[in-house]
Amino acid sequence: MKHLLALGDLDRDELSDLVSLVATFEEISQRSIPKVPALRGRTVAMLFYENSTRTRLSFETAAKRLSADTMNFSVGASSVSKGESLRDTVHTIDALGADAIVVRHASAGVPKQLTRWTDVSIINAGDGWHAHPTQALLDIYSMQSRLGELEGRRVGIVGDIKHSRVARSNVAALSTLGAEVVLVAPPTLLPPAVERWPVTISHDLDAVIDSFDVVYLLRMQSERQQANVVPSLREYRHDYGLTAQRAERLRDEVLVMHPGPMNRGVEIDDGPASAANDLITAQVTNGVAARMAVLFMMLGSGSEMVAEVAVS
Ligand code: CP
């Protein structure tokens, strides 16, 4: 695999292989010295045009645990502020010797565009509303760690689907793996042409929440929304939030997940967020192993090397 732009580009076997590779790197991450020499001599550049805590730090940690060198780029402290274009910035990073560029950008399609401008491997760390493949990879891995195979499992994705690259990537990956996905949102927070997605739709969380194996709550993405997509955040919470009353109805084994950052008191109340803390924290932790797997898949060389890494 040369680039990772969207999980929908992978077939079921390729996705399953990638999820299995995450398990190898989770085991390495739990060692007393969680570091292997797999990518020694390789360089990974972080090109983040949008803010990030989890994705950026976990990619950096992942690269370091694989013994790769990292190049960090911060828009505000770069020559972008002097007017340098994205294309020239990418050529500069290429000339500095990067083997992979991890890119986050507010515009959908930027990672794909980068693959036309450079031979360096491109990894999408979130592009506009389009895709966030490594988030979905860590989510799938976190679900499988608790539920086993996802075939036939019912996953409810609740909230701001329209503006969510996380929702799009999870829908693609979950449907590839045979899970049933139910999108729960008001009509104003559903994307155009959602009827063509491999999902069912509900506008009534209370009518469907009891049927879910996973309740996946999305952040209200105020920065991407136009005005008045919901009457008020208070009403949104009342209709679509995981309140304490709704959380009480969930069976003990139901997984409550959130990609972070959370808006407590909007899509999830404090009590349910604390109760789900172990899994939501595990999602963040698994993000390192997921990104190690992706970097290794891009820059490592072959199945023999997986075995070598696992015992090194
Ligand atoms: N989930 C996620 O992408 O978080 P960050 O924006 O902090 O990277």
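The model is predicted: local features need pLDDT of at least 70 and side-chain atom pairs pLDDT 80 or more, while totals for chains, interfaces and linings use all residues. Residues are numbered from 1 along each chain as its sequence is written, and side-chain values use heavy atoms, with hydrogens and water left out.

I turn to polar contacts, that is, pairs of N or O atoms within 3.5 Å. Ligand oxygen atoms lie 2.6 Å from a side-chain N or O atom of S52 and 2.9 Å from a polar side-chain atom of H132. A ligand nitrogen atom is 3.2 Å from a polar backbone atom of G260. Of the 250 Å² of accessible area that the ligand has on its own, the protein covers 90% (Shrake-Rupley method, 1.4 Å probe).

What, finally, does a search of the whole structure find in the way of cavities of 30 Å³ or more? There is one, a cavity being a set of points on a 1 Å grid over the protein atoms alone where a 1.4 Å probe fits but cannot get out. About 60 Å³ of space lies in the largest cavity, the volume being the space filled by probe spheres set on the points. Its lining residues, which have an atom within 4 Å of a point, include R54, Q135 and P259.

Conventions:
Polar contact = N/O pair within 3.5 Å; in protein donor to acceptor, adjacent residues only side chain to side chain. 1 Å grid on protein atoms, 1.4 Å probe; cavity = no way out; pocket = protein on both sides within 12 Å on 5 of 7 lines; lining within 4 Å.
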